[in-house]
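Here is a short note to read beside the model. Keep the structure open and look up each residue as it comes.

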Amino acid sequence: MTLSLIALAALIIQPPAPAPKKPEKPASFVRQTLRSGLRLIVAERPNARLCTLDLRVRVGVGDEIERTNGMAHAVEHMVFKGSADRKPGQIDNAIEALGGELSARTTRDETQFTTTVPAAGWQNALTELSELTTKAVFRAEDWEAERPVIESERALLGTDPVRTGIGALSGAIWEKGEPYGLPLLGTPDRLRGYTADDLRLFWRKHYVPSHMTLVIAGPVKADEVARAVETQFAAEPEAPMARELRRAVPREGVLILTATGGIAEAPTNTLILGWPTPPAADAHSQAVLLLLAELLSPMPDSGRLSGPLVRARPLARSITAEIQLQRAGGMFVLTTVAPKKGFEVVEEELRSQLQRISEDGFSDDEVVVAQAAVRARLLAEEGSVETLAARLALFDSLDAPESADAIVQRLTAVTATELTRAVRLFLKEEGRTRVLVGGQ
C-alpha cells in the first residue's frame, strides 16, 4: 500500500464522538475533552499578567515507520509556511505584535507549539495558533525551499556534542524495529523522496483536534476558554483514533558507540551513558529516578558523582544526570564533559563510582535533602504560567496526566533502600549504552 493510500484511509469519516465529558476541576485547573475531541486544560491564575498557550499534537518520531520517518518534524516546519489566509511569516509577526514569540519542536512523542503573551492577547494568540496548525497549506515550492533548512538544522545539531550523543543514544538503546530508534529528523535520502502532498496527507491524518492537547495558563476563565477553543478548533465530532500504547523494548547487553559531533578543536570529549527506564505513566518509578538524578549530580558540582569527579579531584569539567520522559519508555542519561587527555580514566572512575554506590547505598539524610530539593523544584514550576503549562501539556500528551501530581506526592515515600535498589535495577553495568562524542 502506498503512503498516499495509507493517509487517505485515515480520512474516512468516523462515527460521531460522544458528548463532551463533564469537566474535572482540581484545585488549580480544569481538564475536559471538547466535542471535537481536543483535550483542553485550563490553569486559572487570576493574578498572572501573562498567558501561556501550549499546544501538543500527539505525533512524533515514535509514531513513524521507516517510510514516514522524518515527516513529523518536516510538517512542523511546513505549517509555518502560511495558510489560505496567512502568508509565510504573518503568523509569527502577529504573535510578535502581541508581545510574544511562537516556538515549536518535535520529539519522539509529540509536536509542540507554544507562546506566552500579555494576558489581554490570549484570544488573538489562540486564533493564530489555530490558523498555524489546522489551516496550513503545503505548496511544492515551499517544501523545495524548506528541505535545505532542515539539512542546515541537522548540520547545526552536529556541532552540539551533547545533542549528538543523546541522539545516538536514543537510536541505540532500543531493540531494532522499535520506533524510538528512528532518527528524529529523518535521513537526507528519505526527505528527498517526500513531496509536499505526502506531508499534507500526514498533516491531515494527525493535525486534528482529537489528536491535540491544549493547555492555557493565565488570568482566564475555563468556561470562556472552552468556548473560544471550540470555535477556533472546530471539527466534525469523531471517535479519537486509538494510539497504540506498548512498552518499548530495550536492547540487551552493553553497546559501545563513537559519534562525531562538536567542534574539532574543542579540548574536551563528551561521554553519554544511558539506560532504559519505564514509561512516563509509571509515576512512582519517575519519582525514584528524579531523586536518583538529584543524588548523583545536583548542580553545580556536588552529589555522589560530581562531588568526587568534578569538585574534589577534578577529573571532569561537568557531570549531569537527568531522566527523559517518554510515553512508551524513557531514558536515564549521564552526561560527562572532560578533557580529551586521559579521558579513559574519567570513564573508568565514573563506572567505579556507580559500582560503589550500588554496594554502599545512600544515607537517610542524603535522601531527605534530595527529596526537599526535587519537591521544591517541581512545586516552583507552578509559580510560572510557562512552566506550569509545559508540565501539564507534557504529561497529558504522554497519556500520563495523573503523573504530573503523583510524582510530587510520591517523592516523600521513596526510601534510601529503594534508591539503592534502583541503582542496581536501572543503572546496571551490563545494561548500559555508551556513546563517546569527539570533535569533527
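**Notes on aromatic pairs and one arginine**

1. Both Trp-174 and Tyr-180 are buried. Buried means under 20% relative accessible area, with exposed over 50% and partly exposed in between (1.4 Å probe, protein chains only).

2. This is a predicted model, where local features need pLDDT of at least 70, side-chain atom pairs count only at pLDDT 80 or more, and totals for chains, interfaces and linings use all residues. Residues are numbered from 1 along each chain as its sequence is written, and side-chain values use heavy atoms, leaving out hydrogens and water.

3. How many aromatic pairs does a search of the whole structure find? The count is 5. Rings of Phe, Tyr and Trp (its six-membered ring) pair if their centres lie within 6.5 Å; planes under 30 degrees apart are stacked, over 60 edge-to-face, and the rest tilted.

4. Take Phe-138 and Trp-203. Their ring centres are 5.4 Å apart and their planes sit at 45°, so this pair is tilted. The pair links distant parts of the chain, 65 residues apart. Phe-138 is in the loop between helix H4 (122–134) and helix H5 (140–157), while Trp-203 is in helix H8 (residues 196–206). Helices (H or I) are DSSP runs of at least four residues and strands (E) of at least two, numbered from the N terminus. Phe-138 and Trp-203 are both buried.

5. Back to Trp-174 and Tyr-180. Their ring centres lie 5.8 Å apart with planes at 55°, so the pair is tilted.

6. Ring pairs also join Phe-80, Phe-113 and Tyr-207 into a cluster.

7. Arg-31 lies in strand E1 (residues 29–33). Its relative accessibility is 17%, so Arg-31 counts as buried.
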